[in-house]
Amino acid sequence: MKILIQALIIIGITGFLGMLEAALFTVSLSRAHVLAAQGKKGANSLLIVKQNMARSIFLLVVFVNISTVLGSIVLGKNASEEFGGSVGLISALMTIGIILFGELIPKSIGDKYSEQIGCMFAPFILLITKIFSPIIWVYEKVILAIIGNHTVPVSEDDLRVLSETSHNEGGIELDEKEIILNTFRMNDITARDIMTPRSVVEMLPADIMLSEALTIIGEKPYSRIPVYGNTIDDILGYVSSKDVLRGLAHGEHAEIISNYIKPIKKISETMRSDDLLALFQKNKIHCAIVIDEFNQTAGLVTLEDVLEVLVGEIMDETDEVEDLRKISSN
């Protein structure tokens with residue numbers, strides 16, 4: 001009976017520590033951040049543990065080995081004294097018990113209930129980490145001297161796989177996954193890729209009167225139209241259809257369109273869409289003129305064009321063509 005109790009204690013300690021180890025490895029650092037933000041009990045401690053994972057794993061591994069080695073020595077000694085020649089059988093049974101109930105089953109439990117176990121026992125892990133901090137300090141110095149400091153940052157490929165996996169497991173919807181994946185495309189797509197080419201951009205000459213501009217504006221569903229000077233490479237700014245209609249409502253039919261011009265940003269056609277989105281947000285603008293390498297007008301890009309990189313094609317009731325870029329290429 002004494003040997004059975006000793007065996008159960010050894011297996012219990014080994015299984016408990018193995019369960020904690022599996023739980024800590026299963027919960028990702030990003031998930032720990034989420035749990036802490038949600039205010040889950042013990043999540044803050046879990047986050048601290050995950051941020052210093054090497055310390056906790058070092059202690060757990062040391063304790064597992066100590067309990068297994070010392071327990072086996074004590075158990076073997078007592079078994080030898082009590083049963084003599086049956087030590088081999090007892091060792092075999094003990095090995096099977098440790099593999100099943102000290103490793104496989106506890107680690108499966110730790111993997112399945114990782115968040116609950118991690119939050120529950122993280123304060124305990126932090127406590128023993130503080131208690132044995134001098135030993136951990138020596139361990140860290142030795143490891144630093146041998147292999148140096150090494151961290152692996154989370155890459156785009158990691159996030160792509162995580163979003164795919166989360167969608168397959170029902171964590172996020174298909175449209176959410178698509179937006180996440182499209183986000184990574186933004187620094188690969190330039191203004192040239194998403195702009196409306198100059199050949200199909202509706203523009204107004206600076207000397208046209210409001211009454212004449214109304215004919216053009218009334219036939220087109222655009223809220224902002226570029227205005228040019230001598231040539232279409234001489235973009236002076238843009239006019240808002242709302243300002244034109246307001247001027248006409250006040251009887252300003254003979255006024256020329258240049259009196260209603262607002263400044264417009266000019267950007268390089270190689271500007272990336274993520275930088276373009278930041279530009280629109282910072283300057284609180286909705287469109288910009290795209291300039292090519294020869295400083296000539298290449299086209300017009302809008303905030304909607306940038307957003308379509310993220311969410312796909314956007315069409316409203318006034319759109320007659322899904323993509324004006326296709327017209328220019330035909």
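Residues are numbered from 1 along each chain as its sequence is written. Because the model is predicted, local features need pLDDT of at least 70, side-chain atom pairs count only at pLDDT 80 or more, totals for chains, interfaces and linings use all residues, and side-chain values use heavy atoms, with hydrogens and water left out.

**Nonpolar cores**

A nonpolar core is a set of buried Ala, Val, Leu, Ile, Met, Phe, Trp, Tyr and Cys residues joined through side-chain atoms within 4.5 Å. Buried means under 20% relative accessible area, whereas exposed means over 50% and partly exposed lies in between (1.4 Å probe, protein chains only). In soluble globular proteins, nonpolar side chains tend to be buried together.

The largest nonpolar core of this model has 22 residues, and Leu24, Leu46, Val49 and Leu60 have the most contacts inside it. Two or more residues of this core come from each of helix 1 (2–26), helix 2 (29–37), helix 3 (43–51), helix 4 (53–83) and helix 6 (114–131). Here helices (H or I, at least four residues) and strands (E, at least two) are DSSP runs, numbered from the N terminus. Another core, of 17 residues, lies apart from it and includes Ile189, Ala191, Leu276 and Val301.

**Residues of interest**

Contact means heavy atoms within 4.5 Å. Not counting residues up to four places away in sequence, Leu46 touches Leu24, Val27, Ala32, Leu35, Gly118, Cys119 and Ala122. Ser45 lies in helix 3; leaving aside neighbours within four places in sequence, Ser45 is in contact with Ala122, Pro123 and Leu126.

| Residue | Relative accessible area |
|---|---|
| Ser45 | 17% |
| Cys119 | 11% |
| Cys287 | 7% |

The structure holds zero disulfides, a disulfide being a pair of cysteine sulfur atoms within 2.5 Å.

In helix 14 (residues 303–311), the buried residues are Asp305, Val306, Glu308, Val309 and Leu310.

Three strands form an open sheet in the order 2-3-4, with mixed pairing. Strand 2 (204–205) and strand 4 (235–240) stand at the edges with a single partner strand each, so one side of each has no neighbour in the sheet. Two strands pair if DSSP finds at least two bridges between them. Strand 2 and strand 3 (residues 224–228) run parallel and are joined by two bridges. Leu204 stands opposite Val227 in strand 3.
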